[in-house]
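Subject: Structure handover

Hello,

Here is the structure we talked about. Please have it open while you read; my notes follow below it.

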Amino acid sequence: MTTHVGTDGSVVGDLGPVRPRRLRRTAALRAMVREHHVRPEDLILPLFACPGTQIRNNIDAMPGVAQMSVDLLVEECREVAGLGISGVILFGIPDHKDSTGSPGYDPDGIVPQAIRAIKDAGLDDLLVIADVCLCEYTDHGHCGIIRDGDVDNDRTVELLAREALVYANAGADIIAPSDMMDGRVGRIRGALDEAGRTDVPIMAYSAKYASAFYGPFREAAGSAPQFGDRRSYQMDPPNIREAMLEIELDIEEGADIIMVKPALSYLDVLRAARERFDTPLAAYNVSGEFAMIKAAAERGWIDEVRVRDEVLVSIKRAGADVILTYFAKDVARCL
Ligand code: PBG
């Protein structure tokens, strides 16, 4: 039996022996019992490659993020590698677009050029991940070929497989399909294997929702759909069982890493995926999540560093192994 004695000597009650506050008293105690950490090697930085040299086009809604020509991108990657960040994921801004997104699977396209340049720079510890999708390359801005007003799944999958092989052959370390077509992971795996690239892993955007949080990215990648929206292929936000089905299918089709996107409004999906599947799990802390923190911090309404760190560790706590985030450099600098 424990009694608590007040400062005036009076007994103020029996509080029992367990006092969790004992381990919160000092920074050293808190650090010793901390359950989750964000490390530089957990992080992937998204980058936008554009044509030209010495080009840096800042993205309004994403302070610190820019479209960069390949020469500047290589310098950026050198810095990223120096900070111990695991890798970068590349998106391309092509010099022209067409109805089938052909600049996306051109072996001399902007992303293959960027991959080769980064690989030539000898940054051996930096993973170069190629996002595979057609929305940056189609003139209508959808993630595949249009037929009868909607994206034609099966014909699109053929082009995605072609795009994936082009990126793998340019030297990409990981292929990351983000289009949400049915069966694309299996078809991409097949195309890579047939070409002898059994060694190239697939990080699948498995549970990718039709989210308004992608707004700033579409400015960065110039990929806003010119008509309609992406709800016929990306997932409906209220659904979580469907996310489990999407993930299960991607694993069966050969995904090496699965992803939930966006992260913050979908922490429950991350947790459910972590409990159900043993495959490594990634989360995409998307552009709108980044922009909200930057905007509120700019107004002095929140403390950017503390909110950022709290958000990123919440994604780890929910179960993610890997976080794709525009904050990667800022965070790694603090670690
Ligand atoms: C391409 C793609 C998108 C994002 C990553 N890959 C946009 C979309 O689906 O519209 C969003 C990333 C972000 O918002 O940071 N399909």
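Leaving aside its neighbours within four places in sequence, which residues is L270 in contact with? The contacts are V260, A263, L281, A282, A283, I315, A318 and A320. Contact here means heavy atoms within 4.5 Å.

Some ground rules. This is a predicted model, so local features need pLDDT of at least 70 and side-chain atom pairs count only at pLDDT 80 or more, while totals for chains, interfaces and linings use all residues. Residues are numbered from 1 along each chain as its sequence is written, and side-chain values use heavy atoms, with hydrogens and water left out. Helices (H or I, at least four residues) and strands (E, at least two) are DSSP runs, numbered from the N terminus.

**L270 and helix 8**

L270 sits in helix 8. With 0% relative accessibility, L270 counts as buried. The cut-offs: buried is under 20% relative accessible area, exposed over 50%, partly exposed in between (1.4 Å probe, protein chains only).

Helix 8 packs on helix 10 (residues 304-318). The angle is about 35°, and the axes are 8 Å apart. Axes are lines fitted to C-alpha atoms, for helices over the stretch in contact; angles run from 0 to 180 degrees between N-to-C directions. L267, L270, R271 and R274 of helix 8 meet S314, I315, R317 and A318 of helix 10. By class, that contact has 4 nonpolar, 1 polar and 3 charged residues. Ala, Val, Leu, Ile, Met, Phe, Trp, Tyr, Cys and Pro count as nonpolar; Asp, Glu, Lys and Arg as charged; the others, Gly among them, as polar.

**Helices 3 and 4**

Helix 3 (residues 110-120) and helix 4 (residues 153-170) have axes that come within 8 Å and cross at roughly 20°. The two are therefore roughly parallel (angles under 35 degrees; over 145 is roughly antiparallel, 65 to 115 roughly perpendicular, the rest oblique). From helix 3, V111, P112, I115 and R116 meet V166, Y167 and A170 of helix 4. These residues divide into 6 nonpolar, no polar and 1 charged.

**Aromatic pairs**

The structure holds 9 aromatic pairs. Rings of Phe, Tyr and Trp (its six-membered ring) pair if their centres lie within 6.5 Å; planes under 30 degrees apart are stacked, over 60 edge-to-face, the rest tilted. Y209 and Y266 are stacked, at 4.2 Å centre to centre and 25° between the planes. Y209 lies in the loop between strand 11 (203-208) and helix 6 (215-221), and Y266 in the loop between strand 12 (257-261) and helix 8 (267-276), so the pair ties together parts 57 residues apart in sequence. Y209 is buried at 0% relative accessibility, and Y266 is buried at 7%.

F290 and Y326 form a tilted pair: 5.6 Å centre to centre, 55° between the planes. Both F290 and Y326 are buried. Ring pairs also link F48, F91, Y205, F217, Y284, F290, Y326 and F327 into a cluster.

**Backbone points to check**

- The peptide bond from K261 to P262 is cis, with omega near -10°. P262 is in the loop between strand 12 and helix 8.
- Q54 is not a glycine, yet has a positive phi of about 55°. Q54 is exposed, at 61% relative accessible area.
- D148 also has a positive phi, near 50°. D148 is exposed at 78% relative accessibility.

Best wishes
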